[in-house]
Amino acid sequence: MKKRLGLVIDQERCIGCEACTVACKIENHGIKGWIRVKTQNAPRKDTPDGRFPDLRMHFLPVLCNHCENPPCVDACPVEALTKRNDGLVFLEDEKCDGCRICLEACPYDAIIFNPKKEKAEKCNLCAHRIDRGLEPFCVICCEGQAIHIGDLNDPAGRISQLVSKPATFQRNPETGTNPSVYYRPPQQPRGL
Amino acid sequence: MASNQKTRPVRTVCPAHCGIDACGILAHVKEDRVVKVAPADFPNPRYRRICLRGLSSLEITYHPDRLKYPMKRAGERGSGNFERITWDEALGSIAEKFKAIATKYGWPAVAWVLGGPGAGTTKFGAYLRLASLTRSTRVSAWGYGDSALPCGSRVLFGSQFPYAFLFGSLFSSSSAPEILVVWGANPGESQPLNLMRPIMDAKEKGALLIVIDPRFTVTASKADAYLGVKPGTDTALSLGLMNVIFRENFQDDAFIQKHTVGPYLVRTDTGEFLRAKDIGLQDGMDYIIWDIVSESPRSRSTANVKPATSGTFTVNGVACKTSLQLLMDLAAEYPPARTAEITGISSDIITRLALRIGSAKSVTFVTHMGFTRTYHGDISLRALGTVAAVTGNVSATFRGGHLPAVLNWKPFLHADPQKPSYTRMGILQLYDAVTSGKPYPVKAVWFSFINFLNQCADSGKIANEFFPELEFIVSTDLFMTPTARYADILLPVCSYLEFSDLIPFPYPYLQLQQKVMTPLYESKSDVDIAAELAGRLGFSEYFDGGEESFIDLILASEDPSLEGITREKLKQGPMPLKFIPKMDQEIDIPFSTPSGKIEIYSEKLRGVGQALPVFLEHLETPLKPEGKKYPLAFIQGHSRFRTHSMYANVTSLLEFNPEPVLEINPRDAQERNIADEDPVTVFNDRARTTLRARVTEGVRPGVVNISEGWWIDQFKEGSVNHLTHAVMNPVQEKIYEPNMHMNDVAVEVIKYQEVES
């Protein structure tokens with residue numbers, strides 16, 4: 001079966017430290033890190049939701065979803081965006097002409113415009129590392145050990161097992177793009 | 001354009017003072033330039049790690065503001081005006097000045113103020129060796145926030161650190177504890193960061209995670225239950241928990257008998273332990289228990305006795321209680337309702353937590369330094385440790401307690417065994433030595449690994465009363481920090497990629513911090529600086545061979561744990577200690593306390609009324625804020641964007657977190673007509689500090705927080721430590737070393753108004 005590389009990000013293990021964002025910028029030299037950490041339902045980043053002391057604070061790292069049906073690939077007029085055989089949605093810097101149509105097409109706001117280069121940028125899942133048998137840099141730099149990579153089409157693989165656990169979710173599945181980035185939700189507090 | 005030359009990987013270590021995690025770093029080097037840093041491998045993959053600061057560390061090495069050459073002051077102290085001089089002139093003038101001061105006041109008037117060397121060893125050792133040879137003053141930096149925890153730990157456990165006893169099992173246990181209580185610590189963002197993975201592993205295996213903190217931290221966000229305690233009331237909370245535990249008879253009597261002074265009789269007339277000689281028994285100073293079989297007093301070493309754990313007894317006409325009984329009597333004064341009133345935690349939650357702790361098979365308590373940065377922080381630690389002890393949740397003795405204990409520190413602490421060494425002084429005691437000449441005058445200071453003005457208590461006092469009394473100030477640094485501005489001679493040091501050091505972390509590994517690149521500009525390593533100064537003071541033979549010989553020297557302790565570990569082998573990668581004691585087994589050696597037991601009752605502190613972990617109101621933090629001039633408790637959490645004041649000038653981290661903010665609860669903000677983002681002034685009698693408000697539910701009402709480490713020049717006015725105080729706790733001074741109580745400060749906050757001139 002064809003490979004479908006994807007990620008499972010475990011919100012329970014994510015401590016919101018943003019090492020992934022810094023790591024991405026170092027590895028890929030983007031205008032900013034292509035993986036960014038949101039604080040869910042919060043008035044602002046790194047602040048909780050609720051009323052003291054009844055509070056919640058959950059972190060959600062977001063990046064290109066490497067969708068099965070990527071609207072950005074269809075939208076790109078110059079074929080700078082392609083769906084690779086291993087499932088990666090790959091943006092080829094050289095081919096991009098900076099038209100920004102992909103930014104509109106992506107339902108996840110995952111594509112960033114770099115005004116210095118006048119080109120679009122996004123997570124390529126560190127394809128240059130994957131092709132050398134290495135894990136993406138954000139995965140190895142994750143302090144919480146919250147990001148898992150693997151082949152979603154390998155039913156025996158670790159990430160397929162994580163995906164099959166109850167409550168695993170994709171962001172906005174209604175878009176119909178079938179993201180290859182899955183999330184494990186945080187554990188509900190059990191109380192005293 | 002980048003050259004086609006291939007990059008070569010060099011393994012080194014980030015030695016930052018972050019929690020001594022000492023992440024292994026793989027530096028990618030192209031020619032003589034480091035182009036990337038990545039986490040390096042460990043034999044156990046759990047230790048492969050890096051953080052956002054370590055990832056940004058090249059921005060320190062290649063920062064445009066790095067100090068590039070030695071300088072001497074060319075304007076008023078603090079003005080930042082300097083002129084370039086040569087190393088020869090710098091070190092020559094330091095040697096001359098030190099000798100002149102020593103001639104006039106004696107060598108102890110020269111003080112080495114060495115802050116946190118992080119995980120480094122030889123760079124610290126070099127200055128200690130010089131202090132030892134010159135018999136000058138070595139200023140211990142424990143007191144700048146970190147001495148109350150050892151004070152408490154020394155009294156209770158007889159050890160510098162309580163960590164192994166309380167949570168050592170997290171490092172070696174295969175099974176998770178039933179309950180994990182993280183109390184006054186935020187390992188998700190700060191020390192001990194190396195615990196966050198094991199904590200989350202334990203939670204995954206089923207441990208119930210409880211977090212107690214005035215702020216809803218990252219760690220709290222992972223908790224099954226969060227208790228938002230009032231700052232400085234932790235001892236009351238511990239006593240409240242014990243109240244319920246004793247009421248329900250949930251204490252672990254077997255553990256108390258075996259490992260604590262609980263059954264030892266205390267004379268109610270003097271507060272001293274009853275001794276064999278007091279009742280005419282032969283064993284002299286031996287402790288006495290009440291044997292419930294023979295219904296008589298016996299010395300503790302008597303065979304076949306069954307000691308009473310609690311109770312009141314009259315022995316030879318002397319009224320006595322077991323020390324556990326005294327603790328029970330104290331805890332009886334803290335029923336849940338009263339404890340709730342003091343701590344701000346509901347009585348229902350207190351009761352339920354106590355019942356959970358009391359009935360659990362195993363509880364692991366995690367705490368750290370911040371918890372003890374209140375006036376009676378040493379007692380807070382003792383109280384928490386006492387909860388652990390009476391419930392039998394103190395695990396195995398971590399022999400040596402800490403890996404550096406197996407290193408050969410003698411040649412640094414005592415360079416010439418034939419002669420006396422340096423005089424040791426606590427950092428808070430240095431304030432008096434400089435400003436009032438007590439116990440003796442200090443006239444020259446050497447600052448290394450420290451941003452003294454920025455990070456020590458009462459910055460205004462330092463600038464206005466302390467610095468002016470000094471005849472000579474030397475500072476080694478990478479940057480023109482707020483402290484460096486006050487130096488008379490300022491020396492540029494290497495970043496971690498530019499020199500070698502031995503790193504005895506993360507436990508149980510040793511690593512080599514390898515020099516990866518040629519030092520930039522004219523910067524030198526601390527070992528080289530110390531060596532060159534030593535030459536000018538007549539001690540060059542003690543510094544032959546530089547960093548490498550020091551690494552060999554510190555490894556030569558003959559401790560069997562270090563057998564076979566050499567500098568050469570460490571170049572290949574980290575090496576574990578040869579003997580790694582298990583930390584999840586029963587205690588097998590005596591505690592280093594006077595009794596050899598966990599001292600839930602400390603005889604030597606009876607004179608100051610602190611034999612038991614009594615709850616004493618703190619210095620400034622108001623228990624009842626109503627009507628107070630300064631009603632808000634001011635605390636300073638640690639931020640993941642900085643390691644103390646390091647990284648405060650790193651651009652990519654400032655993009656995430658551009659400026660200091662005051663965290664204030666919406667209820668307090670509303671009362672003061674403060675909106676999110678408003679500029680506000682935090683003030684007390686010592687200072688005004690102005691910055692933006694962050695109105696958030698993440699901090700308890702009545703408490704405000706500014707994360708520590710921002711540089712003074714990053715505030716509109718004032719700074720964190722302009723608000724703190726340098727008051728000494730004499731009991732801590734007696735036990736070990738007095739601490740700065742940064743989390744025991746009262747303030748008021750108003751909307752900022754331009755001051756009319």
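Asn393(B) is buried, with a relative accessible area of 8%; buried means under 20% relative accessible area, exposed over 50% and partly exposed in between, with a 1.4 Å probe and protein chains only. The model is predicted, so local features need pLDDT of at least 70 and side-chain atom pairs count only at pLDDT 80 or more, while totals for chains, interfaces and linings use all residues. Residues are numbered from 1 along each chain as its sequence is written, chains are lettered from A and ligands numbered from 1 in the order in which they are written, and side-chain values use heavy atoms, with hydrogens and water left out.

Asn393(B) sits in the loop that joins α14 (377-390) to α15 (410-413) in chain B. Helices (H or I, at least four residues) and strands (E, at least two) are DSSP runs, numbered from the N terminus. Apart from neighbours within four places in sequence, the residues in contact with Asn393(B) are Phe165(B), Lys361(B), Ser362(B), Val363(B), Phe365(B) and Ala388(B), where contact means heavy atoms within 4.5 Å.

Asn739(B) is buried, at 0% relative accessibility. Leaving aside neighbours within four places in sequence, its contacts include Trp142(B), Tyr144(B), Asp146(B), Arg373(B) and Leu428(B). The backbone nitrogen of Asp146(B) is reached by the side chain of Asn739(B) at 3.1 Å. Between Asn739(B) and Gly377(B) lie 362 residues in sequence, yet their C-alpha atoms are 8.7 Å apart in space.

Chain A can be considered as a whole. Its secondary structure comprises six helices and 11 strands. Chain A is as compact as a globular protein of 192 residues, because its radius of gyration of 17 Å is close to the 16 Å of the globule rule; the radius is taken over C-alpha atoms, and the rule is 2.2 Å times the number of residues to the power 0.38. The C-alpha atoms of chain A fill a box of roughly 55 × 40 × 30 Å along the principal axes. Of the 192 residues in chain A, 55% are buried. Among contacts in chain A between residues at least 6 apart in sequence, 59% join residues at least 24 apart.

Definitions and conventions:
A polar contact is a pair of N or O atoms within 3.5 Å; within protein, one must be able to donate a hydrogen and the other to accept it, and residues adjacent in sequence count only if both atoms are side-chain atoms.
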